[in-house]
Amino acid sequence: MKKSKVGKQSCDYCGSTNNALKACSRCELVNYCSKECQTSHWKSGHKKTCILVNERRVINNQILNDSSAAVHQQDRKKSEPSSDNNNIVCVICLDSINDDNNAYTLPCEHTFHTSCIQGLRAHAGLSQVCPLCRTDLPPGPEEAYMKACCLLKKSFNHSNSAEIQGMDVEIINLLNSSADEGFMFAQFKLGIMYFHGRGVKQNYVKAREWYLK
């Protein structure tokens with residue numbers, strides 16, 4: 001183990017703050033108070049997510065290099081009115097995006113496979129940014145859904161219509177982000193929002209579509 005370079009004050013396995021922390025010499029992302037904690041954490045799952053520092057750099061550089069041509073293609077697509085994804089290439093896996101149901105467009109308007117974005121989020125050692133423009137990724141589907149639910153609950157205690165309207169816009173954006181990644185609870189909640197016209201124009205057809213996702 002190496003001496004910890006970060007300001008974290010607790011062991012990643014036992015939470016102890018009694019001993020001087022040392023970082024995992026392989027990934028340098030987690031810290032331990034003892035060799036025993038490092039061994040136990042490795043066996044309990046860290047082995048699957050531990051990526052060498054140099055390997056992380058190679059992966060990030062490869063993503064940037066492979067995306068150099070695709071970024072121009074996607075930027076051109078942003079200015080076109082068509083919603084057809086057949087000619088868009090996902091720069092994470094380098095396969096074409098030919099199914100709208102598996103296409104996920106980030107707030108920066110770059111499009112990838114939903115499964116590829118989910119895979120990117122699953123690797124804590126990789127930068128959580130858009131591979132094309134380096135904009136921070138939005139929250140994952142579960143986190144976005146929970147934020148939407150908390151905002152919805154909070155809005156019930158507000159009497160200011162302008163504040164409620166602002167909350168509703170954020171709630172819909174969070175639910176859309178979560179639903180687009182296939183999170184069924186967000187899809188169902190969107191159906192409810194469309195059914196009651198909360199934050200969106202009331203639309204029974206769209207409500208039914210989200211209910212049946």
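What follows is a conversation about the labels used for this predicted model.

Author: Happy to! Of its 213 residues, 38% are buried.

Reader: Which residues of helix 5 and helix 6 meet?

Author: On the helix 5 side they are Ile-171, Ile-172, Leu-175, Asn-176, Ser-178 and Ala-179, and on the helix 6 side Ala-186, Gln-187, Lys-189, Leu-190 and Met-193. By class, the contact holds 7 nonpolar, 3 polar and 1 charged residues.

Reader: What makes helix 6 and helix 7 roughly antiparallel?

Author: Again it is the angle: the axes of helix 6 and helix 7 (residues 204–211) cross at roughly 165° and come within 7 Å. The label applies over 145 degrees, and therefore helix 6 and helix 7 count as roughly antiparallel. Their crossing is left-handed. In helix 6, the residues in this contact include Phe-188, Gly-191 and Phe-195, and in helix 7 they include Ala-207, Trp-210 and Tyr-211. The contact divides into 9 nonpolar, 2 polar and 1 charged residues.

Reader: How do you know whether Gly-191 is buried or exposed?

Author: Gly-191, in helix 6, has a relative accessible area of 0%. Buried means under 20%, so Gly-191 is buried. Leaving out residues up to four places away in sequence, Gly-191 touches Ala-207, Trp-210 and Tyr-211. Gly-191 and Leu-212 are 21 residues apart in sequence, with their C-alpha atoms 8.8 Å apart in space.

Reader: And Ser-177, is that residue buried or exposed?

Author: Ser-177 belongs to helix 5 and has a relative accessible area of 13%. That value lies under the 20% cut-off, so Ser-177 is buried.

Reader: What makes the pairing of Ser-177 and Tyr-104 a polar contact?

Author: Their side chains are joined at 3.2 Å, and the limit for such a pair of N or O atoms is within 3.5 Å. Beyond four places in sequence, Ser-177 is in contact with Tyr-104, Pro-138 and Pro-139.

Reader: Why is Glu-109 called partly exposed?

Author: Its relative accessibility is 45%. Buried ends under 20% and exposed begins over 50%, so Glu-109 falls in between and is partly exposed. Glu-109 is in the loop between strand 4 (103–105) and strand 5 (111–113).

Reader: What is the phi of Glu-109, and what is the phi of Arg-134?

Author: Phi is near 80° for Glu-109 and near 70° for Arg-134. Each is a positive value in a residue other than glycine. Most residues other than glycine have a negative phi.

Definitions and conventions
Residues are numbered from 1 along each chain as its sequence is written. Side-chain values use heavy atoms; hydrogens and water are left out. Contact means heavy atoms within 4.5 Å. Helices (H or I, at least four residues) and strands (E, at least two) are DSSP runs, numbered from the N terminus. Ala, Val, Leu, Ile, Met, Phe, Trp, Tyr, Cys and Pro count as nonpolar, Asp, Glu, Lys and Arg as charged, and the others, Gly among them, as polar. Buried means under 20% relative accessible area, exposed over 50%, partly exposed in between (1.4 Å probe, protein chains only). A polar contact is a pair of N or O atoms within 3.5 Å; within protein, one must be able to donate a hydrogen and the other to accept it, and residues adjacent in sequence count only if both atoms are side-chain atoms. Axes are lines fitted to C-alpha atoms, for helices over the stretch in contact, and angles run from 0 to 180 degrees between N-to-C directions. Angles under 35 degrees count as roughly parallel, over 145 as roughly antiparallel, 65 to 115 as roughly perpendicular and the rest as oblique. A crossing is left-handed if the near helix is turned anticlockwise from the far one by less than a right angle, and right-handed if clockwise.
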